[in-house]
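Here's a short walk through one protein model, taken a strand and a helix at a time. Keep the picture open and follow along.

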Amino acid sequence: MTPAALAATLLKTKPTTPVQVSNVNEDGFFYAHLLIRKRAGQVEDLNELRVAVVGNVDAGKSTLLGVLTKNVLDDGRGKARVNLFKHKHEIETGRTSSVGLEIMGFTSQGAVITSELVHGPQGAKQKITWDDICMNASKVISFYDLAGHEKYLKTTVFGMTGCSPDFVMLMIGANAGIIGMTKEHLGLALALNVPVYIVITKIDMCPVNILENTIKQLTKILKSSGCRKIPMFIKTVGDVLVTAGNFVSERVCPIFQVSNLTGEGLDLLKLFLNILRSNSLGHYDPTASVEYQITDTFSVPGVGTVVNGTLVNGVVHVGDNLLIGPDSAGHFTPTIVKSIQRKRVNVPLASAGQSASFALKKIKRSSLRKGMVMVSKAADAKAHFEFEAEVLVLFHSTTISTKYQAMLHCGGVRQTAKIVGMDKVVLRTGDRALVQFRFMRHPEYLKVGTRLLFREGRTKGVGKVVQLGPKDTLDANK
């Protein structure tokens with residue numbers, strides 16, 4: 001059976017496009033890579049991947065997203081990135097200071113959704129809206145454009161913990177090499193256990209010897225005992241197909257070399273994004289009671305209070321009664337979901353694993369903050385001031401003892417916490433310990449098993465929540 005006929009049998013359709021044969025064996029056997037995907041249908045069933053884009057300042061993060069999502073090449077003067085910026089100072093300086101969101105759609109046949117595809121050859125210059133992408137796409141990639149500058153690290157960490165990315169795209173400028181925040185962002189991805197792929201940009205303006213040095217330096221870091229990654233340099237379509245299939249193992253680290261000016265290497269990156277599978281299987285449970293993490297809040301004229309975030313568990317329909325909280329006293333307030341949007345398109349429901357926006361009744365925006373959750377009324381939701389975590393200190397210049405304070409990131413939660421107890425007298429770089437934390441301002445909704453990060457100046461640590469509540473209460477319950 002020929003590859004074209006095999007594809008037609010599997011899809012139960014006539015082959016409209018020729019199937020590319022990967023190789024022909026000496027015995028006359030063929031092997032080919034087949035992409036089987038649902039056709040574009042309801043927006044609520046849309047296949048979505050979330051990718052956090054990180055890297056040092058001036059690595060070309062916003063420019064690459066502009067090139068990928070707007071389907072235009074850069075002019076070397078910032079033409080591609082202008083459409084992505086939210087604030088005036090970002091346009092003036094060229095530096096992202098907030099979490100930007102852009103989407104890129106693929107059809108069921110793997111083509112990138114562009115203005116020509118939606119509006120025809122005559123509509124090439126028309127702007128393509130999110131509605132157009134969602135209505136024609138079988139798969140959508142959501143890019144979270146995070147800040148590269150050191151002073152915006154708090155925002156970047158929140159984007160990586162709160163937005164629940166499936167993958168991290170680490171950008172490195174070929175001419176600058178691995179400098180500044182690059183190692184910091186790579187360490188964050190490793191600490192949160194999120195698969196990483198690397199894109200080396202600006203290869204058109206970089207001398208060959210500098211590019212070789214950058215690649216040598218990168219390979220050394222990836223193979224080090226801290227990373228233990230297997231670098232795979234993507235040069236052909238075959239490399240993309242093999243790597244994308246093995247990427248879920250998290251040991252493999254694909255490396256792309258692209259130019260936003262000439263377009264070199266962009267086709268391989270688009271193909272990789274097209275065939276990449278989500279690694280979130282088992283992370284989200286649609287049959288469990290509702291749990292929705294809030295990452296942003298808005299007040300929309302004529303609509304009211306709107307929250308944006310990720311639905312971790314359950315299914316939410318329009319008109320559902322939910323609890324939102326915790327407030328400063330640790331209480332949860334009842335609310336009703338007026339309407340739901342996915343990628344700016346109205347939908348009747350949202351399922352676990354999807355990012356969505358909800359318009360809420362009887363809730364003022366002033367009473368909301370990032371890090372709150374929405375849960376079903378049946379759930380026994382409680383907020384806690386204190387919890388115990390198993391932590392690893394990645395770096396600290398001296399020693400950590402009780403009463404030490406640091407900024408703690410745990411999912412969407414972002415608050416200063418104090419160490420009130422631990423099973424060692426002091427902690428130094430590389431030490432592991434069971435530590436009791438207490439939030440300084442208000443209680444938060446946490447779950448056992450959630451990963452956390454804490455930082456203060458150059459001090460960094462990672463860990464996992466193991467128990468909730470004060471230590472003496474936990475001991476009494478035992």
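Before we start, remember that this is a predicted model.

**A hairpin and its neighbour**

Let's begin with strand 20 (residues 405–410), which pairs with strand 23 (residues 451–456) in the antiparallel sense, over three bridges. Strand 23 also has a partner in strand 24 (residues 459–468): those two run antiparallel and are joined by six bridges. Leu453 is a handy residue to look for here. It stands opposite His409, and in strand 24 its bridge partner is Val462. Strand 23 and strand 24 form a hairpin with two residues between the strands, and Gly457 in that hairpin takes a positive phi near 65°.

**A strand with both faces covered**

Now jump to strand 17 (residues 355–360). Is it enclosed or open? Six of its six residues are buried, so strand 17 is largely enclosed by the rest of the structure. In a regular strand, side chains alternate between the two faces of the sheet. You can follow both sides here: Ser355, Ser357 and Ala359 are buried on one, while Ala356, Phe358 and Leu360 are buried on the other.

Which strands pair with it? Strand 11 (residues 304–313) runs antiparallel to strand 17, with six bridges joining them; Thr310 stands opposite Ser355 there. Strand 14 (residues 333–342) pairs with strand 17 in the antiparallel sense too, over four bridges, and Ile340 has Phe358 as its bridge partner.

| Strands | Sense | Bridges |
|---|---|---|
| Strand 20 and strand 23 | antiparallel | three |
| Strand 23 and strand 24 | antiparallel | six |
| Strand 11 and strand 17 | antiparallel | six |
| Strand 14 and strand 17 | antiparallel | four |
| Strand 3 and strand 5 | parallel | seven |

Next up is an open sheet of seven strands, in the order 4-5-3-6-7-9-8, with mixed pairing. Strand 4 and strand 8 (230–233) sit at the edges with a single partner strand each, so one side of each has no neighbour in the sheet. On average, neighbouring strands of this sheet are turned by 25° against each other, ignoring direction. Inside the sheet, strand 3 and strand 5 pair in the parallel sense over seven bridges, and Arg50 stands opposite Ser142 in strand 5.

Two helices pack on this sheet. Helix 2 touches strand 3, strand 4, strand 5, strand 6 and strand 7, and its direction makes about 160° with that of strand 5. Helix 7 (residues 182–191) touches strand 3, strand 6 and strand 7, and its direction makes about 165° with that of strand 6.

How many residues of helix 2 (residues 61–70) are buried? Nine of its 10 are, so to speak, under cover; among them are Lys61, Gly66 and Leu68. Besides strands of the sheet, what covers these buried residues includes helix 10 (266–275).

**A cavity beside the helix**

The model has three cavities of 30 Å³ or more. What kinds of residues line it?

Methods
Residues numbered from 1 in each chain as written. Predicted model: local features only at pLDDT ≥ 70, side-chain atom pairs only at ≥ 80, totals over all residues. Heavy atoms only, no water. Pairing = 2+ DSSP bridges. Buried < 20%, exposed > 50% of the residue type's maximum accessible area, 1.4 Å probe, protein only. Contact = heavy atoms within 4.5 Å. Axes fitted to C-alpha atoms, helices over the stretch in contact; angles between N-to-C directions. 1 Å grid on protein atoms, 1.4 Å probe; cavity = no way out; pocket = protein on both sides within 12 Å on 5 of 7 lines; lining within 4 Å. Points joined across faces, edges and corners; volume = space filled by probe spheres on them.
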